[in-house]
Every structure is written in structure tokens, then in C-alpha cells.
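Student: Could you walk me through how to read a sheet, a residue's surroundings and a domain interface in a model?

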Amino acid sequence: MPAVICAWCGARIGESPVEHSHGICPACDRQLRGVPDLSESELDALPFGVIVLSKEGTVLAYNRAESELAGRRPEEVLGRNFFTDVAPCTAVQGFQGEFRAFCAGEGASKTFRFTFRFPTGPVRVQILFLRKGAGASVAVRKL
Ligand SMILES: [Zn+2]
């Protein structure tokens, strides 16, 4: 049977009759589930990016790893709209559409792959939305 791979760390977590099946392994699930409760300094200590967005897309937090990945300082993006002012490449169904559906829905998390179009070139990432108030904590791991 095809392997089920953790969408976050790439570890093999089992087998599934469905091809290319993805889930989140228990270790990643435990770590990621706590992300929306972390303080700003705890977010800065994480090895992956985190952007906290209101349901309108306003950037409420922007951690160190995301700042390094995107090449933007937090003070340049905080309080601005992620989809229109910060990362217009995400104003597409495959990201903003997923975000709106997530905020309007009931699932605890949602993960998918995306390519950021940075001025320095495209970067493939795994995105994970986690519920944070009416908006989301968006975890970003470079692939
Ligand atoms: Zn994992």
C-alpha cells in the first residue's frame, strides 16, 4: 500500500489505500497545535515561519523565521493586509481562497503546498492554518 507521509516533517506515518495521502504525525500535531497560544518571543524561537492573520487578512504577528524566509522586517508588515499589501502572490484561490474557507469553516487545521513568488525567486512551502480567534495562525515550512 502507498505510504502516508507527514505533511509537516516528511516522516512516514502509516499506509493508506489512497495514493499521495497526507496527514500530520502525532509529534508535529502536538507541537503545531500549541502554536496559536505562543507569545511573540516563543514564536520567534520556532524553526519555521508563523504569520498571525485576522480573518480580514491583517497581519497581527510575524515571527523571525518568516521574516528571514520572506526578507521582510516585521515592522514593514504588521498591521498591513497580507493579501493586498504584503504578499499579493497569495491573493489567489490556492491561498486566500483556502484562508477564507478555513475562517468560515470548522476544521481545526488545514494544510497545503504553495509557492511564494518572492522578488528573489519562487520558494516552495508547506502551509498550515491553525485557528486563532476568528482568523488564523499560518505556519510556513520551506520544502
Ligand atoms: Zn511530522
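This is a predicted model: local features need pLDDT of at least 70, side-chain atom pairs count only at pLDDT 80 or more; totals for chains, interfaces and linings use all residues.

Student: In what order do the strands of the open sheet lie?

Tutor: The 5 strands follow the order S5-S4-S8-S7-S6, with antiparallel pairing. At the edges are S5 (59-62) and S6 (109-118), each of which pairs on one side only. On average, neighbouring strands are turned by 25° against each other, direction ignored.

Student: How many bridges join S6 to S7?

Tutor: There are 10 between S6 and the antiparallel strand S7 (residues 121-132). Within S7, leucine 130 stands opposite serine 109.

Student: Which helix lies across S4, S6, S7 and S8?

Tutor: That is helix H6 (residues 93-104), which runs at about 155° to S6.

Student: Is serine 137 buried or exposed?

Tutor: Buried counts as under 20% relative accessible area. Serine 137 has 1%, so it is buried. This serine 137 belongs to strand S8 (residues 135-142). Beyond its neighbours within four places in sequence, serine 137 contacts several residues, including Val35, Val50, Ile51, Phe129 and Leu130.

Student: And how do I judge the domain interface?

Tutor: Interface size is often given as the accessible area lost when the parts come together. Here the domain assignment gives domain 1 (1-33) and domain 2 (34-142). Between them they bury about 870 Å², 60% of it on carbon and sulfur atoms. Contacts link 9 residues of domain 1 with 14 residues of domain 2.

Student: How many salt bridges cross the interface of domain 1 and domain 2?

Tutor: The rule finds 0 salt bridges there.

Definitions and conventions: Residues are numbered from 1 along each chain as its sequence is written. Side-chain values use heavy atoms; hydrogens and water are left out. Helices (H or I, at least four residues) and strands (E, at least two) are DSSP runs, numbered from the N terminus. Buried means under 20% relative accessible area, exposed over 50%, partly exposed in between (1.4 Å probe, protein chains only). Contact means heavy atoms within 4.5 Å. Two strands pair if DSSP finds at least two bridges between them. Axes are lines fitted to C-alpha atoms, for helices over the stretch in contact, and angles run from 0 to 180 degrees between N-to-C directions. Domain bounds come from an automatic or database domain assignment. Buried area is the accessible area (1.4 Å probe) that two parts lose on being put together, summed over both. A salt bridge is a side-chain nitrogen of Lys or Arg within 4 Å of a carboxyl oxygen of Asp or Glu.
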